Amino acid sequence: MSNTKVTLAGVELKNPVMTASGTFGSGAEYSEFVDLNKLGGVVTKGVANVPWPGNPTPRVTETASGMLNAIGLQNPGIDLFCKRDIPFLKQYDTKIIVNVCGKSTEDYCEVVERLADEPVDLLEINVSCPNVKEGGIAFGQNPQALEAITKEVKKYAKQPIIMKLSPNVTDITEMAKAAEAGGADILSLINTLTGMKIDIYRKTFALANKTGGMSGPAVKPVAVRMVYQVAQAVGLPIIGMGGIATAEDALEFIMAGATAVSVGTANFFNPYATVEIAEGIERFMEQQNVEDINQLIGVVK
Ligand SMILES: Cc1cc2nc3c(=O)[nH]c(=O)nc-3n(C[C@H](O)[C@H](O)[C@H](O)COP(=O)(O)O)c2cc1C
């Protein structure tokens, strides 16, 4: 049996396959299709200090080999999340990663503090959502702001912190270094790429928000390139994502330098994608005589 266990800031995952925030609810929606015990970790939808209604509809639309979304981080707020979603996930033998969003540094810190004594393994700080006007991306596109918010969040966090980076920047390595300087334990990338679609019959934007975040197979080469660049620039472990739909896709990210991977949009067209990817990685390792997945991480220099 080959070893598929990987470690992120001292937290051991049974395999490197996780869900991508916002594409898997908090696990309950998919638990009819997917045995959550087979996943390395479940990353929840972003949660804020208070409930958010999200953006007006329409807020999702298809693109060639991908999609645009402008959900706007609709979420139930931290109170209901702690009461309902964490106990649900605790029934499973998988790691729990909570994605955190906010409009101000204080919002983020409040959620992180609330989660400090909850049975949660890692926190992923979303400073890269392109679909909200305040907070989010405002922190993720400016290296000084990113370093500052990382430092603040670290003051309140008991769990290791993942800073989730935006691809909507000129130089992703500058942002990765800023998060590292602020004390991030892990980096995840990429969030969605800002895009637009026009409905030519209605002569208006396909999304009420005008722009949306692009995800799915079409973004994968951009994401692999960015994971590779970040792996060369900083010493932190990386969670790679962006268009992963198959085990082969996941292995590209791992060889480019990712310790773990997240599967997002693929869940919408194949609810079994995560487990199929975890099984496919094992099959690849057996076929290629790879005894330990860790031998593949960052093997491409
Ligand atoms: C419908 C939808 C909702 C999302 N919601 C969140 C979110 O709440 N927090 C976050 O950090 N990323 C969110 N994302 C971004 C994904 O987690 C991921 O970074 C991105 O979609 C790229 O991966 P993919 O191509 O596999 O989907 C969302 C993406 C989609 C498609």
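A polar contact here is a pair of N or O atoms within 3.5 Å. The structure on the screen is a predicted model.

I start with the ligand. A backbone N or O atom of G264 lies 3.1 Å from one of its oxygen atoms, and because the cut-off is 3.5 Å, that pair counts as a polar contact. The protein covers 97% of the 610 Å² of accessible area that the ligand has on its own. For G216, a backbone N or O atom is 2.8 Å from an oxygen atom of the ligand. I190 also takes part through its backbone, with a polar atom 2.9 Å from a ligand oxygen.

How many residues surround the ligand? There are 21, and the closest are S21, K164, G216, G243 and T265. As for where the ligand sits, it is in the largest pocket.

Next, T4. This residue is in the segment before β1, which spans 6–8. Is T4 buried or exposed? T4 has a relative accessible area of 11%, and because buried means under 20%, T4 is buried. Its side chain reaches the backbone oxygen of K14 at 2.8 Å. Leaving aside neighbours within four places in sequence, T4 is in contact with L13, K14, N15, P16, E282, M285 and I293.

M285 belongs to helix α9, residues 273–287. Its relative accessibility is 0%, so M285 counts as buried. Not counting residues up to four places away in sequence, M285 touches S2, N3, T4, V290, E291, D292 and I293. For a sense of distance, M285 and I198 are 87 residues apart in sequence, and their C-alpha atoms are 44 Å apart in space.

Last, helix α2, residues 105–115. Which residues of this helix are buried? They are T105, D107, Y108, C109, V111, V112 and L115. What covers them includes two strands, β7 (95–100) and β8 (122–126). The cover also includes the helices α1 (78–90), α3 (137–140) and α4 (143–156).

How values were computed
Residues are numbered from 1 along each chain as its sequence is written. This is a predicted model: local features need pLDDT of at least 70, side-chain atom pairs count only at pLDDT 80 or more; totals for chains, interfaces and linings use all residues. Side-chain values use heavy atoms; hydrogens and water are left out. Helices (H or I, at least four residues) and strands (E, at least two) are DSSP runs, numbered from the N terminus. Buried means under 20% relative accessible area, exposed over 50%, partly exposed in between (1.4 Å probe, protein chains only). A polar contact is a pair of N or O atoms within 3.5 Å; within protein, one must be able to donate a hydrogen and the other to accept it, and residues adjacent in sequence count only if both atoms are side-chain atoms. Contact means heavy atoms within 4.5 Å. A residue is near a molecule or strand if one of its heavy atoms lies within 4 Å of it. Accessible areas come from the Shrake-Rupley method with a 1.4 Å probe; for residues, only the protein chains shown count as cover. On a 1 Å grid over the protein atoms alone, a cavity is a set of points where a 1.4 Å probe fits but cannot get out, and a pocket is an open set with protein on both sides within 12 Å along at least five of seven lines; lining residues have an atom within 4 Å of a point. A molecule sits in a cavity or pocket if more than half of its atoms lie within 2 Å of its grid points.
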